Every structure is written in structure tokens, then in C-alpha cells.
Amino acid sequence: MTVKRPLANNHPIIMGILNVTPDSFSDGGLYLDTRQAVRRGLEMVAEGADILDIGGESTRPGSLGVSEEEEKRRIIPVIKALSRRTGALISVDTRKPGVADAALEAGAGMLNDVSNLRDIRLAELVAAARAHLVLMHSRGTPEIMQQLTQYEDVVKEVIEELMISVETALACGVPRDRIWLDPGIGFAKTAAHNLEIFRRLEEITSLGYPVLIGPSRKSFIGAFSGADIDNRIGGTAAAVTAGIMKGASAVRVHDVSVMRQATTIARAITAHQAPKVGEAVNA
Ligand code: HH2
């Protein structure tokens, strides 16, 4: 398949979150209707999303998962419609090969795998479709992952565990330049681990793969600020800014237009050749 809209442009890449689920921790239940989901996807593209990440199964801590049939029923019509109607790259957030296969067939050009390749067939499908692959660090399943937070050195171990999956993906034929890494903020991590990952993110962004981070509205923001789930936009913007300043290429967020502004300014501050003021104003 052809990959839409080049991702090699210089601005930080925004991945807009579209959860077609009744129970996602933040936007659950809002986009269960296909038309509402498509409308939200188009809105995020208008706000500046480069990628739309469409998921049909919540992976919040403790969640039990849904059947393959139900996951497909929720997301395939949305993927078909949005891949036809936008230039954004469509990503499918799934851990199931059957769902990934149907989604790639329906127009997705990226697989966002929050299981860090527990099933090797995911990499084979991505290679065959010539799609992009996000390898996100996690341990166990969402149901039990918050019991698997024992690390000697969280950053070192996240890197080691991600690199095992990189080798597997390469061996399956996924091209090196289609592999993205994500440390998995909130997945088998305590709030302190999440901060440590941000503090030392350069150790991951210097590995030579684009790095995606997903702090949006997550509980570590509440843990440190006391903000409830509907009021974490400031903490999300701070985490997104820190991530971009430490070399992340992309952020996965709910609040696209605000985070687009945050990432643009973070990149302008850190860029070797920041735009001149006039250019920036007219951009
Ligand atoms: N976080 C979530 C889901 N998918 N994918 C990547 N690559 N990185 C992340 O940090 C990430 C992810 C969890 O957030 P959300 O989709 O908002 O909630 P839920 O899992 O409850 O649907």
C-alpha cells in the first residue's frame, strides 16, 4: 500500500487518538457511533494531526480486552472512511493479528502495537503491507501490567526489551526506516518510572529510530499534580514539550490543536535553525 502524506517533514508529528470503545480511560464512549468517530477523526486532521490512531480495545490498566470480531466491528468502518477522506496516515492500535490484517487491508498504513510484539505475526503482516510499525514497551497484558513494575534501571530495561522486538521486526522484513519506538508511558510503569523515562529520554531518542511518546491525560499527571482526568491538558502539554525537547519525533495525544502549538514552540526553541519570526508568524 502507499503511505500517505510524507512523515519526513520537519515539524513534530502529531498522532491524534481516536478510541472507538465504550471504556477507554479518557474518551471512552464518545465515538462508538461510526459517524461520530469519523467526524472526530476529520476534526483532528483539521486541527493538525498527521496520523490518526484508531483503537477498538481499551488497554487501560486492569482492562480485560474484547473479542477480535467486536474489535473489527468497531474500527474497520472508521478506518475505511477516514483513509478515503483524509490525507493523514491511519494507524491501527491493536495487539491482534486478525484485526491488524483487516485494518491494513482497509487502509491503515501503520500498526501501533502496545504489546511490544508478543505475536510475531504482527511484524509479518506489517512487512507484507509495507506499513509502519510502532513498537511500544509493555510487560504482560493490560490486566496485570501494573503488577510487573520491578526494574533495576527502568530506561536500560525498556531499551533492552524494545531492541529484542526491533531485531524480530527486522528479521520479519520490516524495513529499518519504518520502525518507531515508544517507551510506553503508563504501561507496566509506576508514576516515578514515567518521570524517569522523560528525564532520560535522550537515551532512547539517540538509538536511531523515531520515538513516539503517549503521555496524554495519563494518571502520572494526576499523581504529581492532583488534576483529575478531565483537567490534565496543562500537564500533558508540559510532558509533550519535555519529550520534543529531548528528541521525540512524535506525540500521541487527545487534544490535537493545543499539543500542536506546544510541539511547534518546543521544536522552534530547540531547532538548530529556528524559523525567523516573520516566517513563523506567516507559516
Ligand atoms: N497509550 C494508550 C494506548 N495506546 N500507544 C502508544 N504507542 N503509546 C501509548 O502511550 C499508548 C498507546 C493508552 O491510552 P488511551 O488510548 O487514551 O486509552 P485506552 O487504552 O483506555 O483506550
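Mentor: Let us begin with a polar contact, meaning a pair of N or O atoms within 3.5 Å; here a polar side-chain atom of Asp182 lies 2.7 Å from a nitrogen atom of the ligand. Please keep in mind that this is a predicted model, in which local features need pLDDT of at least 70 and side-chain atom pairs count only at pLDDT 80 or more, while totals for chains, interfaces and linings use all residues. Residues are numbered from 1 along each chain as its sequence is written, and side-chain values use heavy atoms, with hydrogens and water left out.

Trainee: How many residues surround the ligand, and of what classes are they?

Mentor: A residue is near a molecule if one of its heavy atoms lies within 4 Å of it, and 18 residues surround the ligand, the closest being Ser24, Ser58, Thr59, Asp182 and Lys218. This shell divides into six nonpolar, seven polar and five charged residues, where Gly is counted as polar.

Trainee: What space does the ligand take?

Mentor: On a 1 Å grid over the protein atoms alone, a pocket is an open set of points with protein on both sides within 12 Å along at least five of seven lines, a cavity is a set where a 1.4 Å probe fits but cannot get out, and lining residues have an atom within 4 Å of a point. The ligand takes the space of the largest pocket, which holds about 480 Å³ and is lined by 32 residues, with Phe25, Thr59, Arg60, Phe187 and Lys218 nearest its centre.

Trainee: How many cavities of 30 Å³ or more does the structure hold?

Mentor: The structure holds one; about 40 Å³ of space lies in the largest cavity, and its lining includes Arg95, Arg118 and Phe187.

Terms used: Polar contact = N/O pair within 3.5 Å; in protein donor to acceptor, adjacent residues only side chain to side chain. Sits in = over half its atoms within 2 Å of the grid points. Points joined across faces, edges and corners; volume = space filled by probe spheres on them.
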